[in-house]
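These are my notebook entries on a structure that I looked up for study.

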Amino acid sequence: MIPEPFEYEVAESADHALELLGRFGTDAKLLAGGHSLLPLMKLRLALPPALVDIGRLSDLSYIRDNGDAIAVGALTCHEDLQFSDVLKQHCPIVSHAAGEIGDPQVRHRGTIGGAVSHGDPAADLASVLLTLDAEFVIHSTSGDRVVPAADFFKDLFEVDISTQEMLTEIRIPKLQGAGWSYQKFHARAQDWAVVGVAAVVNRSNGSIDAAVGLTTMGDTPLRARAVEEALSSGADVATASQEADRDTNPPDDHMGSAGYRRELSKVLTRRALEESLSR
Amino acid sequence: MARTEQAQRYVGGGVLRKEDPELLTGQGKYTDDIVVPGMVWAIVVRSPFAHARINSVDTSRAGGMPGVIAVYSGADLASEWAGPLPMAWPVTEDINNPPHWPVAKDKARFAGDAVAVVVAESRAQAKDAAASVEVDYEALDPVVGVEAALRDGAPLVHDEFGTNKCYTWPLADGEVDDVFAKAPVVVKERYVHPRLIPNAIEPRAIVVQPVPSQGEFTMWSATQVPHIAKVTLSITLGIPESKFRVIAPEVGGGFGSKLQVYAEEAICLAVARRLGRPVKWVEERSENYLATHHGRGMIQDMEVAATEEGKLLGVRAKMLVDMGGYLQLVTPGIPLLGAFLYAGPYSAECYSVEFTGVFTNRTPTDAYRGAGRPEATYAVERIMDALARRVGKDPAEVRRMNFLPPFSEPTPTPSGLSFDSGNYEATLDKALELVGYDELRKEQAARRESKDVKQLGVGLSTYIEMCGLAPSQVLASLRYVAGGWDSATIRCHPTGKVTVLSGATPHGQGHETSWSQIVADALGIPFDDIEILHGDTAVVPLGMDTYGSRSVSVGGVAIHHAAERVKEKARKIAAHELEVAEDDLEFADGKFQVKGAPDKAKSIPEVAFSAWTAHNLPEGLEPGLEETYVFDPPNFTYPSGAHICAVEIDTDTGKTEVVRYIAVDDCGTIINPMIVEGQIRGGVAQGIAEALFEEAVYDDNGTLLTSSMATYAIPSAAELPRFTLAGNVTPSSTNPLGVKGVGEAGTIAAPPAVVNAVIDALSHFGVTEIDMPATPERVWNAIQNAKGGSK
Ligand SMILES: Cc1cc2nc3c(=O)[nH]c(=O)nc-3n(C[C@H](O)[C@H](O)[C@H](O)COP(=O)(O)OP(=O)(O)OC[C@H]3O[C@@H](n4cnc5c(N)ncnc54)[C@H](O)[C@@H]3O)c2cc1C
């Protein structure tokens, strides 16, 4: 409950945060909502010598309509995503998934930037953003670079952000009327997903054009490419869903055996596709 | 119609809780709120190994860290102990009872066992230094399960016994084996009770303040049992009881986990004595999961013999009980609290149960809400359903044909105890009607027919339990070392106000409200003029504290008797002042009135004033109006009820949703319906938790995997249905208030209702067994296995 001693500075701007990171060195951490980082520190599983608090950068908390995409500031909290009219209109799957995260307290503190930067394969928004082919804007002293979701999630707790960079914005393509669904399976309402399945579906003359993403089915959020391919080659939903666990590596622990998670991924994929098609 | 002696103005009414304004506005004072000048902080260093030899403890590096005042190993503190930590229930003559030292010296016996103590100026400094205490552990093979622990060659938790068996306690009545050999139907099943973590919302906390010059100690502790702690810790520490005061301030829940005398209490006393400074220790949540005792942890081989029609002939059960690494205060005795209930509310010709306690390298077990009775009830109610399936009858029908008939006087039962009162069939009928049983069965049939993904199941639990702990002589026969009485003192102040000292020690139950209701009616004193004091051994010297749903039926009854004594003395004074004979007075509307002339009257406050001035008392009567009564109950009380649960199971994922829950309870006379309802709701939630969600899961190394609230799945309101509650009161014949107790009923009743419903939902697939907690994965596996193990 009591973390190791650490230094702490409040960043006044994104650039100030980068300056502080430069000063503290490579082991320092950005602190956003703190809802992934602080529990680890309290259990002394994470021991950063310094924290740079970006939680007060309100100019990085926004949801904007940029034409083809919605731009979301990295410090936007889950609660804001859940109730955003812009998102509900253009990317309702993001609002819905944000509303499935933890409990109201968590949703008021946790940020979309923290959720994806942490690199947790159980993060609901991570698999949803991967399914939507979102883009991540990474800021550093040498400027901004834009990373597509497909390249962003590297490994367990590892994303394409260096220790001297910071995620500032996420660009989410509008659904443009596509059907969608996020199926989160958990024992309790406030739990992390045992397995989650995101789907975005368009019908294009006869076959189904779908993007399917998986939560907690490997070391990173995953795309169920085999399902997507089966559907585009004309397989029906039930048959295609059987491919959901292809090339996955789900965890095997007391929250769910790997075998059970594999079966769940198939059931949830079927349900996600069915619901998407009905929308 | 004759006038009642007592106007029932408060008892039975939904009076708002007196405790709440203070608690809800953050003014309640918990142990962690207590700050004493000069106070230092203790942090306990715990073994990460389930089983390890402690070769050495090097405290030198930690001792040099900022703010550190002292670092002690088990050896360093050994001279502080006049005896080991208390174990008050040696259930058999030949029990293996290992010494349990507050800080381990030679071996760590569970992950979380205390191995050293760091004392520093601040909590954070102590915590930082704790990481620098260097313990040289030699890891030993652990024993994690009870069956593994009994195998030949298993590693020994306590080497000196040459076995991991702690005791075997048998109880037999009638020609059991003979009845079973001849019975037309014998059903045998194996049930497993997961280990549960009690999870009081307030973790434990302790402050010890010494007065070195006097050799005196005051201990504040988040405990259910200040009185028991005072007696036992004075023995462990060698502190004269007369110089030791224990205070349980506001206590944020216990569920039995604070019915304990803990190592940390002894440690804080020892450190305060060594340093001559006040010491504080506050448990962390993750520490609570390791070092506060767990509950349940039992394997049951349950058998019933019956006729072809399903009439019970006998019960035979053998249990293996997980003690954990040490015997805590009443660890071995917990299963005995259920030992007499393995025939439930049913009649049978013969009865035999046997419990074997087993040491394992896990956190010690002890009382957890229900303590022994949820285990018994689960076995009985599960096997009644199995019997119903076997004889091809509806589970309600099989129960109905086996119930003891209605009774209102003590009635002998198969296990040898006499139940106090009950009308089990009427209770069941009420529950069946409330749940819409026939409709549910129709709906179930329809869903089976249509092969609905969501299958419906209905589960019954017609439980009986036993509380009002306890007749002291019965406790003696069970080898418990203390008594089962409780005390009450009623002090009538000259200004008309009343102070009640109660030996019961609430930790959330609302005693102050219920006790005030009893006193208000008994003495005709306004509810708000009554103050209840408890939980401080200097204020209430005599007490046996709160656990086992005992408070109202022992401590509450003591208050009733003390009030009768007050009235007895008051009547003498009133008669004297009114110049009539005592017999000419009746107590009505809160006053002694002259029969036939009700305007000639004296209220209790008036009498109290006269008793205080002592100007005009009857010859020989002492001044003052204060009476004490210590009540030792003549029998237990036996709350009962019928709970019915309906579940929907998603057969694709295995997830169970409780869609309907009906509880019809007979807890005897109800003092405060709102408080009773709260107890039942909370209890049922905790029972559903055991049935579907909670389990302390260990890996093969004896490491607790469910080590936080993120992974130990306590359900929230979102996982629970709206409960429908009703009552069917039969006043207890054990005490004059007719009360039975209600603190644990829900937790006792719910698990079999839920699991029976789960199995019922899947029985057409051939599912007959699912262990608790019936998690989605377990249910899913059961469906797959029943369908022939596809995939
Ligand atoms: C009880 C509880 C339940 C939860 N349940 C769920 C759930 O069901 N589903 C779910 O998806 N999540 C869940 N979460 C996690 C929650 O969504 C977190 O808020 C989120 O994962 C992290 O966001 P944060 O803002 O709190 O990040 P922090 O904890 O502050 O940071 C997390 C990591 O990201 C880094 N970081 C943060 N912001 C940036 C940035 N802008 N640029 C670069 N690096 C950055 C930090 O340095 C740190 O390493 C739960 C958390 C809790 C406490």
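Entry 1. I began with a term: a salt bridge is a side-chain nitrogen of Lys or Arg within 4 Å of a carboxyl oxygen of Asp or Glu. I also noted that the model is predicted.

I then looked up one such pair in chain B. Arg245(B) and Asp536(B) form a salt bridge, and their closest N and O atoms are 2.6 Å apart. I asked myself which parts of chain B this pair ties together. Arg245(B) lies in strand 11 (residues 244-247), while Asp536(B) lies in the loop between strand 21 (530-533) and helix 16 (551-578) of chain B, so the pair ties together parts that are 291 residues apart in sequence. Over all chains, the count by this rule comes to 64 salt bridges.

Entry 2. I turned to the place where the chains meet. How many residues does each chain bring to the contact? I found 24 residues from chain A and 29 residues from chain B. Between them, the two chains bury about 2,100 Å², with 58% of it on carbon and sulfur atoms. On the side of chain A, the residues that lose the most area to chain B are Arg188(A), His254(A) and Tyr260(A), together 29% of what that side buries.

I next looked for salt bridges across this interface, and the rule finds four. In a salt bridge between side chains, Arg44(A) meets Asp128(B) at 2.7 Å, N to O. Helix 12 (residues 258-278) of chain A gives the most to the side of chain A that touches chain B, with six residues. By kind, the residues of that side divide into 12 nonpolar, five polar and seven charged.

Entry 3. I examined a sheet in chain A. It is an open sheet of four strands in the order 11-12-13-14, with antiparallel pairing. Strand 11 (179-185) and strand 14 (222-223) of chain A stand at the edges with a single partner strand each, so one side of each is left without a neighbour in the sheet. Strand 12 (residues 195-204) and strand 13 (residues 207-215) of chain A pair over nine bridges. I noted Asp209(A), in strand 13 of chain A, as the bridge partner of Asn202(A).

Entry 4. I looked up which helices of chain A lie across these strands. Helix 8 (residues 124-131) of chain A lies across strand 11, strand 12, strand 13 and strand 14, running at about 155° to strand 13. Helix 10 (residues 225-232) of chain A lies across strand 13 and strand 14, at about 170° to strand 13.

Technical notes. Residues numbered from 1 in each chain as written. Chains lettered and ligands numbered in written order. Predicted model: local features only at pLDDT ≥ 70, side-chain atom pairs only at ≥ 80, totals over all residues. Heavy atoms only, no water. Contact = heavy atoms within 4.5 Å. Buried area = accessible area lost by both parts, 1.4 Å probe. Helix = DSSP H or I, 4+ residues; strand = E, 2+ residues; numbered from the N terminus. Nonpolar A, V, L, I, M, F, W, Y, C, P; charged D, E, K, R; others polar. Pairing = 2+ DSSP bridges. Axes fitted to C-alpha atoms, helices over the stretch in contact; angles between N-to-C directions.
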